[in-house]
Amino acid sequence: MMPGNVRAEADQAELDARIAARSIAVLEANWRKTHTVPAAGLYPHQWSWDSSFIAVGLSRVSPRRAGQEMDALFAGQWEDGRLPQIIFDPHRDQDYAPGASFWQSRKIPGSPKQVDTAGLVQPPNHAWAVWKIHQADPAESRRRSFLERNYPRLVHWHEYLSGRRDRGGSGLACIVHPWESGTDNSPLWDTVMTRIPADCKTTLDRPDLQHADAGERPSQKEYGKYFWMAERYRDHGCDDADPDYPFLMEDPLFNTLLAVSELALADIATELGLPGEAHRDRAQRITTALEELYVAELGCYSARDATDGSVVHKATINGLIPLLLPDQVHTQALLETLNGPRFMNGNALMVPSYDATAEDHNPALYWRGPAWFNMSWMVAEALERLGLTEEAAFLRGNIGRLALEHDFPEYVDPWTGAAHGTRSFSWTAALALETTYVRSTP
Ligand code: 2M8
């Protein structure tokens with residue numbers, strides 16, 4: 001008979017092999033010649049921050065494909081450096097709104113002319129992903145000049161964010177639309193959203209509701225407001241110079257990823273024999289500026305409205321992601337909040353997206369309660385860096401297991417693990433795959 005620990009290891013290895021095989025199958029099914037779609041029905045184009053998570057997973061099985069994923073994304077980069085939220089598949093324009101015919105990006109000065117893109121952006125996790133992809137197979141990365149190719153593109157992207165997007169002059173980048181946060185209907189945007197008109201000019205089409213339950217997606221009223229803002233931004237030439245633009249938010253998730261990515265750029269520069277100090281300085285400046293977004297009563301960071309300087313008082317997953325920053329000073333308090341009643345509470349399987357003690361917490365509604373695989377993965381990365389290996393392993397174990405058990409869902413109930421949103425979701429598969437590799441590599 002096998003001793004217990006040997007059997008447990010064998011069981012885990014067998015489970016990991018099943019997770020890896022099924023994850024690869026999902027990523028393969030969602031591959032479209034140059035890139036991976038987040039989901040075949042609900043999200044039929046290439047999404048910016050999804051591609052970074054996806055490429056991190058892909059790098060474990062095909063560094064070449066991970067490189068293609070990033071190349072396809074940067075084919076959509078604008079002259080000002082912005083990396084667009086979406087690069088559209090011209091054959092799927094009817095299947096997602098707003099699509100290429102809404103943005104008409106090629107008519108906007110400074111946009112790429114070979115592809116159709118959105119004018120907005122998404123959280124800047126790209127340099128972090130590029131560095132991880134390199135680390136997964138440095139020899140292959142060097143053979144393909146992967147870092148040489150991506151470094152200047154990434155620097156240009158960050159220049160756009162630290163320049164044009166520092167609308168509040170605080171050293172933090174502003175997002176100009178909830179879609180830019182990646183956490184679209186997060187309670188962080190509720191107050192500012194009350195000031196946004198819902199009477200957009202575009203006729204509201206909701207192809208998303210063919211693929212996900214209406215109770216798990218933003219409401220029609222929210223969509224009216226999303227379109228109103230997108231129209232206003234587009235009609236101002238996406239130039240970030242509209243003086244009365246009403247949605248200018250400083251988000252802790254977005255800015256943490258910018259700082260983490262600056263640190264990755266420093267590592268990339270060093271690897272390329274270039275000076276990296278300026279990147280480290282920028283990461284430090286962002287970390288310091290983020291301090292103004294810390295809310296002591298909640299024990300986490302929150303978002304600030306750059307139009308009037310007010311800080312929102314809500315605990316969301318966005319406010320815990322600064323755990324990834326090496327020099328942030330509230331680590332202990334953040335860990336207490338993470339493990340306390342607002343989030344893990346001793347019984348959650350993955351990290352809820354919103355304060356579980358809030359009256360309007362809803363464990364099935366998109367970014368207003370459910371647990372998302374990318375967020376729990378980032379928290380696990382942070383815990384590992386902090387030396388909390390058991391806690392990190394707990395989250396990673398559940399990422400893989402829940403992904404496999406529920407057909408790679410978009411998000412899950414944090415306590416029961418019940419699946420919500422679409423299925424065969426690419427970043428769920430990519431990060432489940434990544435966790436199996438981390439587990440099996442000493
Ligand atoms: C969701 O956002 C899109 C708009 O970008 C949507 O709801 O239609 C978010 O979860 C976002 O974080 C994600 O990048 C995107 C595609 O997976 O879907």
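A cavity is found on a 1 Å grid over the protein atoms alone, as a set of points where a 1.4 Å probe fits but cannot get out, and its lining residues are those with an atom within 4 Å of a point. The structure examined here is a predicted model, in which local features need pLDDT of at least 70 and side-chain atom pairs count only at pLDDT 80 or more, while totals for chains, interfaces and linings use all residues. Residues are numbered from 1 along each chain as its sequence is written, and side-chain values use heavy atoms, with hydrogens and water left out.

**The cavities**

The count comes to 3 cavities of 30 Å³ or more, where grid points are joined across faces, edges and corners and a volume is the space filled by probe spheres set on the points. The largest cavity holds about 210 Å³ of space, and of the 19 residues that line it, Tyr-43, Trp-47, Gln-122, Asp-184 and Tyr-366 are the closest to its centre. The second largest cavity, with a volume of about 50 Å³, is lined by Ser-52, Phe-53, Val-56, Asn-125, Trp-128, Ala-129, Lys-132 and Trp-377. Helix H2 (48-58) and helix H5 (126-136) each supply at least two residues of this second lining; helices here are DSSP runs of H or I with at least four residues, strands are runs of E with at least two, and both are numbered from the N terminus.

**The ligand**

The space taken by the ligand is the largest cavity, given that a molecule sits in a cavity if more than half of its atoms lie within 2 Å of its grid points. Around the ligand there are 18 residues, of which Asp-50, Tyr-96, Gly-182, Asp-184 and Tyr-366 come nearest, a residue being near if one of its heavy atoms lies within 4 Å.

| Residue | Polar atom of the residue | Distance to a ligand oxygen atom |
|---|---|---|
| Gly-182 | backbone | 2.6 Å |
| Asp-184 | side chain | 2.8 Å |
| Tyr-366 | side chain | 2.4 Å |

The protein covers 100% of the 420 Å² of accessible area that the ligand has on its own, as computed by the Shrake-Rupley method with a 1.4 Å probe.

**Backbone details**

Most residues other than glycine have a negative phi, and most peptide bonds are trans. The peptide bond from Ala-97 to Pro-98, however, is cis, with omega near 0 degrees, and Pro-98 lies in the loop between strand S4 (86-87) and helix H4 (100-103). Asp-240, although not a glycine, has a positive phi of about 55 degrees, and Asp-240 lies in the loop between helix H10 (220-235) and strand S6 (249-250).

Terms used:
A polar contact is a pair of N or O atoms within 3.5 Å; within protein, one must be able to donate a hydrogen and the other to accept it, and residues adjacent in sequence count only if both atoms are side-chain atoms. On a 1 Å grid over the protein atoms alone, a cavity is a set of points where a 1.4 Å probe fits but cannot get out, and a pocket is an open set with protein on both sides within 12 Å along at least five of seven lines; lining residues have an atom within 4 Å of a point.
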